[in-house]
Amino acid sequence: MGERGNILVINEEKEIYLYTHWYGYKIKQILQAALKRGYDRLKDGSYITRIIFSEMIQKDLMGTTGYGISPYRISDNYEMVIFNVDDQSIKFENDDKIYTIQEFLDTEFEEDWKGTKGHLYNAT
């Protein structure tokens, strides 16, 4: 159960997976909000990764479940979003299209909801 999703951040050929158990259906919007907020840190892998994760967990900072950071992929229900810090691109795992950061930020994505929306998230 859950609405699981991952954002893969690639930096200096290393991979880090940011996992949400409840907001996979909004993973694109979460990444958009984080990249907008952290626009001045887009090329700083450690900072932008933390900004993305902070955006993901903002409603549950002190929680002990529901989110994770991992060197490997955690199971998910939704297509993984891949942010490559090195070449400043975004793509979806099942799509050949590669977005520049600006193209990604300018695209309006619909929620990819498949489940119950047991928890609610509003990207700011």
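Glu-13 lies in the loop between β1 and β2, where strands (E, at least two residues) and helices (H or I, at least four) are DSSP runs numbered from the N terminus. In this predicted model, local features need a pLDDT of at least 70 and side-chain atom pairs count only at pLDDT 80 or more, whereas totals for chains, interfaces and linings use all residues. Residues are numbered from 1 along each chain as its sequence is written, and side-chain values use heavy atoms, with hydrogens and water left out.

Glu-12 is found in the loop between β1 and β2 as well. Most residues other than glycine have a negative phi. Glu-12, although not a glycine, has a positive phi of about 50 degrees, and Glu-13, also not a glycine, has a positive phi of about 65 degrees.

| Residue | Relative accessible area | Class |
|---|---|---|
| Glu-12 | 61% | exposed |
| Glu-13 | 75% | exposed |
| Ser-75 | 47% | partly exposed |

Ser-75 is found in the loop between β3 (67-70) and β4. Not counting residues up to four places away in sequence, Ser-75 touches Arg-4, Asn-6 and Tyr-19, a contact being heavy atoms within 4.5 Å. Ser-75 and Ile-16 are 59 residues apart in sequence and 14 Å apart in space, taken from C-alpha to C-alpha.

Helix α1 (residues 27-37) is mostly covered, since nine of its 11 residues are buried. Those buried residues include Ile-27, Lys-28, Gln-29 and Ile-30, and what covers the buried part of α1 includes the strands β1 (5-11), β2 (14-20), β4 (81-84) and β5 (89-92), together with the helices α2 (45-57) and α3 (101-106).

A pair of aromatic rings is described by the distance of the centres and the angle of the planes. Rings of Phe, Tyr and Trp (its six-membered ring) pair if their centres lie within 6.5 Å, and planes under 30 degrees apart count as stacked, over 60 as edge-to-face and the rest as tilted. By this rule the count comes to seven aromatic pairs. The rings of Tyr-99 and Phe-104 have centres 6.1 Å apart and planes at 80 degrees, so this pair is edge-to-face, and both residues are buried. The rings of Tyr-99 and Phe-109 have centres 6.0 Å apart and planes at 70 degrees, so that pair is edge-to-face. It links distant parts of the chain, with Tyr-99 in strand β6 (residues 98-100) and Phe-109 in the segment after α3, 10 residues apart. Phe-92, Tyr-99, Phe-104 and Phe-109 form one aromatic cluster.

A charge sits over a ring if NZ of Lys or CZ of Arg is within 6 Å of the ring centre and within 35 degrees of the ring normal. Lys-97 lies over the face of Tyr-99, at 4.6 Å from the ring centre, and the charged end of Arg-41 sits over the ring of Tyr-47, 4.4 Å from its centre.

The protein chain averages a pLDDT of 91, and 90% of the residues score at least 70, pLDDT being the predictor's confidence in each residue, from 0 to 100. Over residues 118-124 the pLDDT is below 50, although this stretch has 20 contacts in the model beyond near neighbours in sequence. Where pLDDT is low, the predicted coordinates should not be read in detail.

Key:
Buried means under 20% relative accessible area, exposed over 50%, partly exposed in between (1.4 Å probe, protein chains only).
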